[in-house]
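Dear colleague,

Please find below the structure that I am handing over to you. My notes on what was found in it come after the structure itself.

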Amino acid sequence: MSKFAIHLSFNVISCEGCGIKRIRGVPCADCERRPEPWEVDSAALCRRQRAVEAQQILAQAADQSEHRELGAPEFLHAEVYAALHTWMTGFFDAVSAAAESQEGAQRLKDSVTELVGLRAALHRADDRRPMRQLISALRGLIAELESMVGAYLETLLASTPLQAQNHGARAQRHLDAATEAITRVESVSEAVEILTHQRDASRTQAQLLQLALGSAQQPNLLALDSWGRDSLWEITGSRGTAGHGVFFGICRVIAQNLFNDGQFCYVLRRAYQLFSSSPKSS
Ligand SMILES: [Zn+2]
């Protein structure tokens, strides 16, 4: 995802205390002289008012906000994605417009309302298996976008360029995290697609192997086996034998994307302890 920055203008006047240029309505950074009561930056006040209104919408609880109706679970990912894609461009336009003029105010509120609506819809979505991890990944993505919106609104509220810069940097970090969240959503969605729609067992196997290679970031089967056996050693204290690493890699990618990765590793460790502790077990 690209970089985005809001351009804010601050009204500058000469300080009556020390004579340097300083921001209207804010104590002087050099001589600390308080601003005069008549010194109002009306443009900045209006900008802040627009941000506060949008903040109130963002603060609505997920179960209290209006929500859009989502379609069938199998189309959920595509639907939320399409909505977010349009939303993203719209939000950046709206926040830039709101930074400059009153006309942007309504667009900003509409844009925040849309995100809050999507969040509410995902909050209500059926998150049972096999959709649990996908819904959870989409919720994680929306949470990052919400934090990003919050930080951009703080940027609009800033009374000095330095404050604006700090909030802007925080917003950019959330935007970067949202990009990572998208990668996670893509991976889960791919696994759900393979395991719920692929009817040809041999293709399922090949696709799962491909997914495991990608997830473990290994170039070929030998490398995947070696990586898998190292991971096995970390979980159980045993590297198993040749081939166990590939099998583990496939099981792990299914656990990560459809079930519960922590639980999977726990059960694996307990099972290994159980079988290896009994001298009579074969
Ligand atoms: Zn001064």
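The notes below cover a metal site, a pocket and several individual residues.

Please bear in mind throughout that this is a predicted model.

Metal site

The model holds a zinc ion whose protein donors are the SG atoms of Cys-15, Cys-18, Cys-28 and Cys-31, lying 2.3 Å from the ion. Along the sequence, these donor residues follow the spacing C-x2-C-x9-C-x2-C. The angles among the four donor atoms run from 102 to 114°, and the site is tetrahedral. Cys-31, by comparison, is partly exposed, with a relative accessibility of 33%.

Glu-32 lies in the loop between strand E2 (21-23) and helix H1 (42-58). Its phi is near 65°, a positive value in a residue other than glycine. Glu-32 is exposed, because its relative accessibility of 62% is over the 50% limit.

Largest pocket

The largest pocket has a volume of about 270 Å³. It is lined by 13 residues, of which Leu-232, Thr-236, His-244, Leu-268 and Tyr-272 are the closest to its centre. At least two lining residues come from each of helix H7 (221-236), helix H8 (244-258) and helix H9 (261-277). The largest share, five residues, is supplied by H9.

Thr-204 sits in helix H6 (residues 201-216). With a relative accessible area of 15%, Thr-204 is buried. Leaving aside residues up to four places away in sequence, Thr-204 touches Ile-194, Leu-195 and Gln-198.

Gln-217 is located in the loop between H6 and H7. Here too phi is positive in a residue other than glycine, with a value near 55° for Gln-217. The relative accessible area of Gln-217 is 69%, and the residue is exposed.

Finally, there is a cis peptide bond from Arg-129 to Pro-130, with omega near 5°. Pro-130 belongs to the loop between helix H3 (103-124) and helix H4 (132-157).

With kind regards

Methods: Residues are numbered from 1 along each chain as its sequence is written. This is a predicted model: local features need pLDDT of at least 70, side-chain atom pairs count only at pLDDT 80 or more; totals for chains, interfaces and linings use all residues. Side-chain values use heavy atoms; hydrogens and water are left out. Donors are N, O and S atoms within 2.8 Å of the metal (3.2 Å for Na, K and Ca); water is not among the atoms, so sites may look incomplete. Four donors count as tetrahedral if all angles lie between 85 and 135 degrees; four count as square planar and six as octahedral if opposite donors are over 155 degrees apart and all others between 65 and 115; anything else is irregular. Buried means under 20% relative accessible area, exposed over 50%, partly exposed in between (1.4 Å probe, protein chains only). On a 1 Å grid over the protein atoms alone, a cavity is a set of points where a 1.4 Å probe fits but cannot get out, and a pocket is an open set with protein on both sides within 12 Å along at least five of seven lines; lining residues have an atom within 4 Å of a point. Grid points are joined across faces, edges and corners, and a volume is the space filled by probe spheres set on the points. Helices (H or I, at least four residues) and strands (E, at least two) are DSSP runs, numbered from the N terminus. Contact means heavy atoms within 4.5 Å.
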